[in-house]
Each structure stands twice: as C-alpha cells, then as structure tokens.
Amino acid sequence: MESNDPITKALNSLSRTQLNFLQNLPKAELHAHLNGSIPLPVLQSLAREREREHGTHADGLSEIVRKGLTILNEGVHLNVIDDFFSLFPAIYALTSGPEALAFVTRAVLKHFLEPAVDEEGLPVPAQCQYLELRSTPRATEKMSRRVYLDTVLDEVEKYPADTAALIVSVDRRMKKEDIQECVDLAGALKESRRRVVGVDLCGDPLAGDMNDFRPFFVQAKEAGLKTTLHIAETVDNTETDTLTLLSFGPSRLGHATFLSPVAREIVLRDRIPIEICLTSNLLCKTVKTIDAHHIRWLLEHDHPISICTDDILPFRNSLVGEYALLMAQAPYGLGLTESEIKRIAKMGFESKF
C-alpha cells in the first residue's frame, strides 16, 4: 500500500541483525491517538456487527462507515493534511458506545504493549514498553464524556502505572464549554488518582483562536497536569499563533514542523521535547522527504525528542518502523548509528509525563 511505503522501504533495507536491534530496543510511545490507532481488523469486526444489528441503512450512518472503511482498506492517499480528518466519521460512528470503546481501547493497548507473532510465526517483542495514549472524550447518545474517560481508563489501568497512561485531548474546533468540561474532568480524574497525566491540544491545525485556549491550559497546569500542544503543523500556521501557544509554557510539543526562527530559539532555550512523527509528516506531505525532515535540525542541537506513530490506522506504520526510518541508509532513512538511536529512545523515556 502506498501509505506504508516509507516504512516498508526502510524495513526492507535493514539486515536481520539491525531489525532485531530495533525490535528489542526499549521504546516509549508518547504521541498515539486512540481513534487513529485502532487495528483495521478490529474496526472491520465492529462494522460487521453494526450491520448485523441495525441493517444496511439504519440511522443513516452505514454509508459513512462503509465509505471510510473502503478508504482504509484500499490504502489512504493523503494529498493534504485535511484529507486525514475526513476518515474519522466512520471511526466515531463505530465507537460511539462504551462497549465498543472498551473493545478498541483494549486492542490498541495490546498492539503497543504486548508481544506479537510475525508472518513466519516467530515471536516479536512489544512495540514499546511505555505508552501515553491520548484521546478527545466524546459525548454521544450512549455515553457522556465522563463515561468515555472512565471506559478508556479502565482499560489503561489494567497495565502497570509505569507502562500506560492517558492524555486527555481537546480539539481546536470544540466549543469553549466543551473544552471546559474536558479540562475539568481531566483535573478531577487526576485528583481522584486515575491515570490521567496530561492535556493535549489537537485537531484541525488551522482552526480556532489560540488565545481562547490559554485559560484552559493554565487550569490544567494548576491541576498538576502536564501539557502538550500540536503546534506549527503546516506552512499556513502563523508565527503569531505559534508564539501564543509557546507562551502557555507547554511540557511537550507535537510535530513542530514549521517553527519560525524566533520560535526555534524559545524551544531550544526551554528544552521543550518534540514529539516526532516521521511517517505522518511524510504522508500528510508537510515534509517532502525524510532527509528534509526537521528532526535533523533537532538532532544537530541535541534537543530532546521522542519518536512516535501518531495514527497507525491510516498511516499503516508501527513504532519499530518509525525507528527503521532512523536507521536505514539514504534515501530510505537517516542512516543513524545504533548508539545515536539508543540515545533517541532514551530521550523518549526522559520526556514522558
């Protein structure tokens, strides 16, 4: 599939010894969206179940579901970053109740945190040893936002505290009262010792007035929560918006692809870790080639980064595959050494919430 091309070429260029090194390297995954990380077979099983229960045209959603799954099955062709967001109506329709939400959360946690078996039947180590899963709580006819978060946390907390945690995301397109509810819930859940570790700003990178988000992130920090912000994702993001977000004093930044010189100075000065999603950037065409990726600038400055998958569902990637992009020689990767890659993996653990 085209969407898997960067990963496939990088992995195929590695020796068995190199692949074993990457598979056994301890890794932390700090930027994985729940609904974008659901294994495709899990979504397909939910779609079949929905059709059995509600018929072909029940409640007008089946066409949306079928269209979205067809796109995912045939391979995602992302021309601009907006194409990515069009995939989610189908996913949201299939995960609108607590039972389905719990089902997909279990599948995502298992994918990242439990050993697997490869195509030859050989055991493969877990993708990572620590996962910070993130999700925007949705209110539906079947559940409130509180039920949404409780459902996800019930699954996350089946794993040890040093293995899995949850970041509550708020979407740039949300109404202020909905953002307020999400941040209130995140603080209350942390206070009650549920495993919520941070709040994230995500969604359409060009939506919203950045100043509107300031009080919510101030509140999150006052509640003892860490903060991470999707920032400067596209060339159309303004320096004003970027500097406004940086003034929130975030704990980490997502993507940070198009930082202005002034923004770069702030990021370097404050040593704000960057969540790097190589395949996501390549397939969304915010970065033209792996060699042109801003990770090179960050590495030259020995700046803290973490290697992440973002959304394995549309991008057909894996955390091991992202690390393969670090190790593979040009033109398939950055050609980094084992010691350099070990250092990057260590940065991921040092940057966790």
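# Salt bridges and overall build

Colleague: Which residue does Glu155 form a salt bridge with?

Modeller: Arg106. The closest N and O atoms of Glu155 and Arg106 are 3.2 Å apart. Keep in mind that this is a predicted model.

Colleague: Where do Glu155 and Arg106 lie?

Modeller: Glu155 lies in helix α8, residues 145-156, and Arg106 in helix α7, residues 98-113. So the pair ties together parts that are 49 residues apart in sequence.

Colleague: Is Glu155 buried or exposed?

Modeller: Buried, at a relative accessible area of 6%. Arg106 counts as partly exposed, with 39% relative accessibility.

Colleague: How many salt bridges does the count come to?

Modeller: The count comes to 19. One of them pairs Asp171 with Arg173, where the closest N and O atoms are 2.8 Å apart.

Colleague: And is Asp171 buried or exposed?

Modeller: Asp171 is buried, with a relative accessible area of 12%. Arg173 is partly exposed, at 48% relative accessibility.

Colleague: Next one. Which side chain does Asp212 meet in a salt bridge?

Modeller: That of Lys176, at 3.7 Å from N to O. This pair links distant parts of the chain, 36 residues apart. Asp212 sits in helix α10, residues 210-222. Lys176 sits in helix α9, residues 176-191.

Colleague: What are the relative accessible areas there?

Modeller: Asp212 has 30% and is partly exposed. Lys176 is partly exposed too, with 48%.

Colleague: Which residues are linked in a network of salt bridges?

Modeller: Glu132, Arg134, Asp200, Arg252 and Glu275.

Colleague: What about charges overall? How many positive and negative side chains are there?

Modeller: The chain has 39 positive and 50 negative side chains. The centres of the two sets lie 3 Å apart.

Colleague: Change of topic. How many helices and strands does the chain have?

Modeller: There are 17 helices and ten strands. The radius of gyration is 19 Å, close to the 20 Å that the globule rule gives for 353 residues. So the chain is as compact as a globular protein of that length.

Colleague: What does the C-alpha trace span?

Modeller: About 50 × 50 × 40 Å along its principal axes.

Colleague: How much of the chain counts as buried?

Modeller: 57% of the 353 residues. The accessible surface comes to about 15,300 Å². Carbon and sulfur atoms hold 51% of that surface.

Colleague: Last one. What share of the contacts comes from residues 24 or more positions apart?

Modeller: 75%, taken over contacts with a separation of 6 or more.

Technical notes: Residues numbered from 1 in each chain as written. Predicted model: local features only at pLDDT ≥ 70, side-chain atom pairs only at ≥ 80, totals over all residues. Heavy atoms only, no water. Helix = DSSP H or I, 4+ residues; strand = E, 2+ residues; numbered from the N terminus. Rg over C-alpha atoms; globule rule 2.2 N^0.38 Å. Buried < 20%, exposed > 50% of the residue type's maximum accessible area, 1.4 Å probe, protein only. Contact = heavy atoms within 4.5 Å. Areas by Shrake-Rupley, 256 points an atom, 1.4 Å probe, with all protein chains shown as cover. Lys, Arg positive; Asp, Glu negative; His and termini not counted. Charge placed at Lys NZ, Arg CZ, Asp CG, Glu CD. Salt bridge = Lys/Arg side-chain N within 4 Å of Asp/Glu carboxyl O.
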